[in-house]
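I opened a new notebook page for this model.

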Amino acid sequence: GVMKPLDTSAFVGKFVEEARDRIKALGAALLRLEQTPGALDAIAEAMREAHSNKGSALMLGFTDIAQIAHKLEDLFVAAKQVPTLLNGEAFDLVFGSVDLIGLRVEALARGQLNPVEVGEICAKLSGVLDVGDMGSDPRTVAAAAPAKPSSNVAYVEMVTDLGSDPRTVRGSDPQEKEPQEKEPAKEAAPE
């Protein structure tokens with residue numbers, strides 16, 4: 001039994017319908033948040049919509065949509081602990097990101113499959129997280145969060161701290177830094 005190539009058009013159609021709904025819901029949650037800064041239910045709703053969008057985009061291989069949705073999800077996860085992350089500038093970015101996903105989804109609806117460039121907007125979204133992370137020291141995040149213990153705090157630090165801690169980057173490949181080549185050369189030099 002040779003596997004027939006998957007007919008993705010039906011899946012894309014379904015994805016477009018779902019994504020439109022999710023983008024609407026995400027937009028509505030963001031407007032609520034703008035009116036009521038720090039509204040945790042709105043943040044949670046935005047986080048869920050971004051997460052769902054990420055999952056379904058990944059399943060169909062739309063990695064550009066998934067990347068933006070992932071960054072948005074990270075941002076909302078962090079904002080649950082530190083609602084001040086979502087200031088005016090961050091909101092502009094988030095709305096811009098949602099618009100970009102929306103444009104891509106409408107392009108898909110017209111059968112245009114080519115991905116959009118997301119590097120810049122993802123970097124900007126990461127920038128918002130880094131600012132909120134105060135130099136990525138987990139203690140400052142915990143200090144900024146409400147005093148009551150929450151299992152989410154560790155998760156937020158984990159998510160926001162990935163890739164921002166120079167120690168993990170440096171320590172990951174110690175072999176490269178050692179100048180091992182110099183030793184034999186010294187011995188080979190004539191006395």
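I begin with handedness: a crossing is left-handed if the near helix is turned anticlockwise from the far one by less than a right angle, and right-handed if clockwise. I take helices (H or I, at least four residues) and strands (E, at least two) as DSSP runs, numbered from the N terminus. The crossing of helix 3 and helix 4 is left-handed.

I note the ground rules. The model is predicted, so local features need pLDDT of at least 70 and side-chain atom pairs pLDDT 80 or more, while totals for chains, interfaces and linings use all residues. Residues are numbered from 1 along each chain as its sequence is written, and side-chain values use heavy atoms, without hydrogens and water.

**Overall.** I counted 9 helices and 0 strands in the protein chain. Of its 191 residues, 39% are buried (under 20% relative accessible area; exposed is over 50%, partly exposed in between; 1.4 Å probe, protein chains only).

**Helices 3 and 4.** I looked up their axes (lines fitted to C-alpha atoms, for helices over the stretch in contact; angles run from 0 to 180 degrees between N-to-C directions). The two axes come within 10 Å and cross at roughly 155°. Helix 3 and helix 4 are therefore roughly antiparallel (over 145 degrees; under 35 is roughly parallel, 65 to 115 roughly perpendicular, the rest oblique). Contact means heavy atoms within 4.5 Å. Helix 3 uses Ile68, Leu72 and Phe76, among others, and helix 4 uses residues including Val94, Val98 and Ile101. I sorted the residues of this contact into 12 nonpolar, 1 polar and 2 charged. Here Ala, Val, Leu, Ile, Met, Phe, Trp, Tyr, Cys and Pro count as nonpolar, Asp, Glu, Lys and Arg as charged, and the others, Gly among them, as polar.

**Helices 1 and 2.** Their axes come within 9 Å and cross at roughly 160°. Helix 1 passes helix 2 in a left-handed crossing.

**Core.** Which residues have the most contacts inside the largest nonpolar core? They are Ile68, Leu72, Phe76 and Leu86, in a core of 44 residues. Such a core is a set of buried Ala, Val, Leu, Ile, Met, Phe, Trp, Tyr and Cys residues joined through side-chain atoms within 4.5 Å. I checked Phe76: beyond its neighbours within four places in sequence, its contacts include Leu26, Met47 and Val94.

**Glu73.** Is Glu73 buried or exposed? Glu73 is buried, with a relative accessible area of 7%. I found Glu73 in helix 3. Leaving aside neighbours within four places in sequence, Glu73 contacts Met47, Ala50, His51 and Lys54.
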